[in-house]
Amino acid sequence: MTQARVEGGAARSVEVIAIDGPAGSGKSTTAQGVARALGFTHVESGAWYRAAALLALRRGLASESTVDGPAVAHAFETCLMEAAEARGTCQIRLDGEDVSAALRSPEVAALVSRVAAEPAVRHVVTERLRSLAGGLGLVMDGRDIGSVVFPEARLKVFLDASVEERARRRSAGDGRDVAPATLDRRDALDRGRAVAPLAVAPDAELIVADDLTLPQQVELVVRLYHEALTQRRA
Ligand code: CDP
């Protein structure tokens, strides 16, 4: 079982499935489907970084060229963030305000990778993400879940697809056109940062999703999870 650290320094065992990958690969939708199939909780870790970016925007902690990492980390650490499933989508509240739509805004998307590259921000977000492990199990999607947040996860998946397919999926999902170059820019920042860059963990299952439908992606991850459980028993 994964030893997930929880707030207060205690440790408890919880099943974790980590789904990492670049923007628009369908990580969140896949993770949501897998969580539903297994009765696990789904956490979209990107929302935590987007919330930090939203705070940076609102409090003037980022300019065109700089991000005040320690100040953003402090702002994030001292805010109350709540996530709840509402009518099939995840609703995020920051200090009681529903910010779900604001987190998906182009302004937040343009800033989030620079905020997420700040070590102080990554530290506080990672601690909060680890504190969410509990219940029957957790499916968490992001960029560094298998490599940093839960390195002992039962199953690690890296979900990839060509940038054209990812832009197509993102445009279909968001209802507004997303250019491949926009995704490419964010991926380059996420892959190139010094701390916890986007990379395939050595023990991750790589899924290239161009020719898979979302239900097929879910089915595949659930199958891989059952195989991982069987291997433990063997
Ligand atoms: O949904 P999409 O794949 O476009 O992005 P997201 O999962 O909402 O993540 C937004 C951004 O947060 C990413 O581009 C990363 O810069 C950052 N992030 C991260 O650094 N580490 C994570 N575990 C999750 C997200």
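**Briefing: ligand site and selected residues**

The side chain of Lys156 comes within 3.0 Å of the backbone oxygen of Gly146. This distance, like every value below, is computed from a predicted model.

**Lys156**

- Lys156 belongs to strand 8, which spans residues 155-160.
- A polar atom of the Lys156 side chain also lies 2.8 Å from the backbone oxygen of Pro151.

**Ligand shell**

- The ligand is surrounded by 20 residues, and the closest of these are Arg50, Arg122, Asp144, Arg186 and Asp190.
- By class, the shell holds ten charged residues, five polar residues and five nonpolar residues.
- At least two shell residues come from each of three helices: helix 2 (45-58), helix 5 (106-116) and helix 9 (180-192).
- Helix 2 provides four residues, the largest share of the shell.

- Arg122, one of the closest residues to the ligand, has a polar side-chain atom 2.8 Å from a ligand oxygen atom.
- For Arg193, an N or O atom of the side chain is 2.9 Å from an oxygen atom of the ligand.
- For Arg104, a polar side-chain atom lies 3.4 Å from an oxygen atom of the ligand.
- On its own, the ligand has 530 Å² of accessible area, and the protein covers 99% of it.
- The largest pocket is the space that the ligand takes up.

**Ala62**

- Ala62 is located in the loop that links helix 2 and helix 3 (69-77).
- Ala62 has a relative accessible area of 26%; because this value falls between 20% and 50%, the residue is classed as partly exposed.
- Ala62 and Gly134 are 72 residues apart along the chain, and their C-alpha atoms are separated by 34 Å.

Definitions and conventions
Residues numbered from 1 in each chain as written. Predicted model: local features only at pLDDT ≥ 70, side-chain atom pairs only at ≥ 80, totals over all residues. Heavy atoms only, no water. Near = heavy atom within 4 Å. Polar contact = N/O pair within 3.5 Å; in protein donor to acceptor, adjacent residues only side chain to side chain. Areas by Shrake-Rupley, 256 points an atom, 1.4 Å probe, with all protein chains shown as cover. 1 Å grid on protein atoms, 1.4 Å probe; cavity = no way out; pocket = protein on both sides within 12 Å on 5 of 7 lines; lining within 4 Å. Sits in = over half its atoms within 2 Å of the grid points. Nonpolar A, V, L, I, M, F, W, Y, C, P; charged D, E, K, R; others polar. Buried < 20%, exposed > 50% of the residue type's maximum accessible area, 1.4 Å probe, protein only.
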